[in-house]
Amino acid sequence: MKLIAIGRTDILYDSIVKLASSGHELVAIITSEAEQYQYTKRSSDFGKLAKDLSCEFIQTENINNPIILELIKDKEPDVAISVNWKNIIPSDFINLFDYGILNAHAGDLPKYRGNAVRNWAIITGEKKIALTIHMMDSGLDSGKILMKEYYPIDFNTKIGHLYNFVGDRAPVLFDKVINNLSEGKSEPITQDDSNLLRCYPRLPVDSQINWNQTAEKIDRLVRASSEPFNGAYTFLSGEKLTIWESEVIIEDYDYLASPGQVLNRSKDGVLVATGKDFLLIKDAEKVGKGRVPPYDIIPSIRLRLGMDYSAEILWLRKKLEELTSKIDLILEK
């Protein structure tokens with residue numbers, strides 16, 4: 001089949017390579033500049049790939065660019081694939097293709113529509129995640145489903161595992177779906193909107209640990225924030241401490257401890273009290289010390305995590321501004 005690839009990310013790049021190797025004809029690659037630090041493929045990489053495949057390359061922020069519309073009219077591609085295009089593609093553009101536009105979405109549609117769905121799946125305690133290939137329409141991840149593949153989530157699953165799953169399998173599923181379409185074997189399934197779950201973006205500040213939560217919830221946050229992201233974090237004596245790996249520890253004795261209190265230090269890690277159960281910090285990083293064993297970062301059990309001294313800093317800043325104003329008035333006299 002003749003097709004156009006639209007979007008960004010390594011997943012789109014690898015999907016193009018897979019489809020080309022399967023004998024499909026790439027008519028054009030349409031991209032815009034990558035914005036997120038997790039991307040390793042930039043627009044220049046897509047430009048080189050287009051040259052290698054002898055297809056058109058267009059970098060634009062506007063999918064209705066006249067150059068694109070003219071190219072589609074001239075080349076008459078059968079279908080398009082899209083991964084991480086920055087805006088919702090309008091229905092009149094989708095309808096330019098006989099088989100529409102296919103999208104790879106890392107969510108069990110209609111659940112987990114939207115943003116940061118892999119992170120949210122770990123945070124909410126899901127037992128599995130789906131990679132869904134669906135037909136695009138004018139809504140957000142709301143088109144008919146063509147194929148799904150699942151990946152299990154357990155207490156060892158980190159966000160990097162889910163990224164690898166989607167990255168490895170999306171090109172394969174795109175290839176299977178397009179082959180099914182060309183052979184008339186595809187049976188699109190309409191999504192049941194009564195089961196809808198909409199996910200919204202997460203910001204770096206959302207990875208700050210609240211030690212009043214249970215150890216299980218904090219551990220999920222750690223796993224959902226690890227590489228390729230910046231890590232879950234807390235504060236130690238007012239300095240940022242990034243936690244990359246943790247483990248839930250359930251003790252069988254009664255205890256009294258405030259959430260965030262350091263309880264024990266050993267070569268296995270640093271044990272910390274939470275709102276329920278304990279969290280063992282197994283891998284951590286602190287500015288100035290780098291990524292070293294937690295035992296070397298947290299030197300005593302007479303410490304408590306989570307105290308960033310924000311209120312104290314704001315109070316000192318206010319006092320400094322007042323003092324500076326008084327000094328300025330004296331100097332003016």
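How far apart are the mean positions of the positive and negative charges of the protein? They lie 4 Å apart, for 41 positive charges (Lys and Arg) and 48 negative charges (Asp and Glu), with His and the chain ends not counted. Each charge is placed at NZ of Lys, CZ of Arg, CG of Asp or CD of Glu. This is a predicted model, in which local features need pLDDT of at least 70 and side-chain atom pairs count only at pLDDT 80 or more, while totals for chains, interfaces and linings use all residues. Residues are numbered from 1 along each chain as its sequence is written, and side-chain values use heavy atoms, with hydrogens and water left out.

**Overall form**
- The protein contains nine helices and 15 strands, taken as DSSP runs (H or I, at least four residues; E, at least two) numbered from the N terminus.
- The C-alpha atoms fill a box of roughly 70 × 70 × 40 Å along the principal axes.
- Of contacts (heavy atoms within 4.5 Å) between residues at least 6 apart in sequence, 67% join residues at least 24 apart.

**Aromatic pairs**
- The whole structure holds eight aromatic pairs, meaning rings of Phe, Tyr and Trp (its six-membered ring) with centres within 6.5 Å; planes under 30 degrees apart count as stacked, over 60 as edge-to-face and the rest as tilted.
- Y163 and F229 form an edge-to-face pair, because their ring centres are 5.7 Å apart and their planes stand at 80°.
- Y163 belongs to helix α6 (residues 159-182) and F229 to the loop between α7 (215-225) and β10 (232-236), so the pair ties together parts 66 residues apart in sequence.
- Ring pairs also link Y253, Y255 and F278 into a cluster.
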